[in-house]
Amino acid sequence: MDFHLADSSVTEALGQALGRSLPAAVPPGAAVGTLAGRTAAASAGAVVYLRGELGAGKTTCVRSLLRALGVAGLVRSPTYALVETYRLAALTCVHVDLYRLQTLTEVDELGLRDLVGPGHLLLVEWPERGGAAVPPADLDLALHYAGDGRQACLRAATAVGSQWLENLGRDRSLSFYLSNLT
């Protein structure tokens with residue numbers, strides 16, 4: 001799926017829709033928009049890659065996604081801490097930023113493989129810097145500058161990712177911003 005994000009408010013709307021459409025949070029056939037504000041249900045786990053240049057909106061999107069899942073309080077960028085963890089009733093969300101890491105050993109020391117599986121959502125900014133130390137993605141989100149706005153390209157890499165995009169496609173709040181329906 002491709003979206004045109006005219007400004008940061010649309011990037012935030014994308015993050016909210018991603019949170020509402022997380023496969024574990026959406027019963028099959030349910031209207032996606034009715035789940036706003038609910039804490040995510042237990043999950044089989046998911047990994048999301050966030051790619052894009054500095055300032056493209058990766059953290060803005062994640063912040064909105066986490067809010068939609070029920071994270072309250074301050075949602076920090078992990079640029080300096082590298083890893084920020086948010087525990088919900090049935091889901092642990094881990095936001096990682098690999099931008100400042102120089103070696104695969106540094107990435108491996110984060111123990112990202114231990115942060116995946118049932119009940120975990122791993123959100124990885126700059127995954128290309130992590131090589132084999134980064135678990136494979138279920139969903140790949142690339143943000144690119146496009147004129148005064150951004151272009152978001154979402155691609156599924158697994159069945160979980162495909163279900164997530166299917167759920168997202170049912171969220172009518174973003175239909176105006178869709179560039180395509182692939």
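Me: How much space lies in the largest pocket?
Reply: This is a predicted model. Rolling a probe the size of a water molecule over the atoms shows where empty space is left. For the largest pocket, that space comes to about 160 Å³.

Me: Which helix gives the largest share of the lining of the largest pocket?
Reply: The lining has 13 residues, with Leu54, Gly55, Lys58, Thr59 and Glu125 nearest the centre of the pocket. By class, 4 are nonpolar, 6 polar and 3 charged. The largest share is 3 residues, and they come from helix α2 (residues 58–69).

Me: Which element gives the most to the largest nonpolar core?
Reply: This core has 34 residues, and Leu14, Leu18, Leu121 and Leu168 have the most contacts inside it. Elements that each supply at least two residues include β1 (2–5), α1 (8–20) and α4 (159–169). The most, 5 residues, comes from α2.

Me: How are the rings of Tyr99 and Trp126 arranged: stacked, edge-to-face or tilted?
Reply: The whole structure holds 1 aromatic pair. The ring centres of Tyr99 and Trp126 are 4.7 Å apart, and the planes stand at 50 degrees. Stacked needs under 30 degrees and edge-to-face over 60. So the pair is tilted.

Me: Which residue is buried, with a relative accessible area of 11%?
Reply: Buried means under 20% relative accessible area. Tyr99 has 29%, so Tyr99 is partly exposed. At 11%, the buried residue is Trp126.

Note on methods:
Residues numbered from 1 in each chain as written. Predicted model: local features only at pLDDT ≥ 70, side-chain atom pairs only at ≥ 80, totals over all residues. Heavy atoms only, no water. 1 Å grid on protein atoms, 1.4 Å probe; cavity = no way out; pocket = protein on both sides within 12 Å on 5 of 7 lines; lining within 4 Å. Points joined across faces, edges and corners; volume = space filled by probe spheres on them. Helix = DSSP H or I, 4+ residues; strand = E, 2+ residues; numbered from the N terminus. Nonpolar A, V, L, I, M, F, W, Y, C, P; charged D, E, K, R; others polar. Core = buried A, V, L, I, M, F, W, Y, C linked by side-chain atoms within 4.5 Å. Buried < 20%, exposed > 50% of the residue type's maximum accessible area, 1.4 Å probe, protein only. Phe/Tyr/Trp six-rings, centres within 6.5 Å; stacked < 30°, edge-to-face > 60°.
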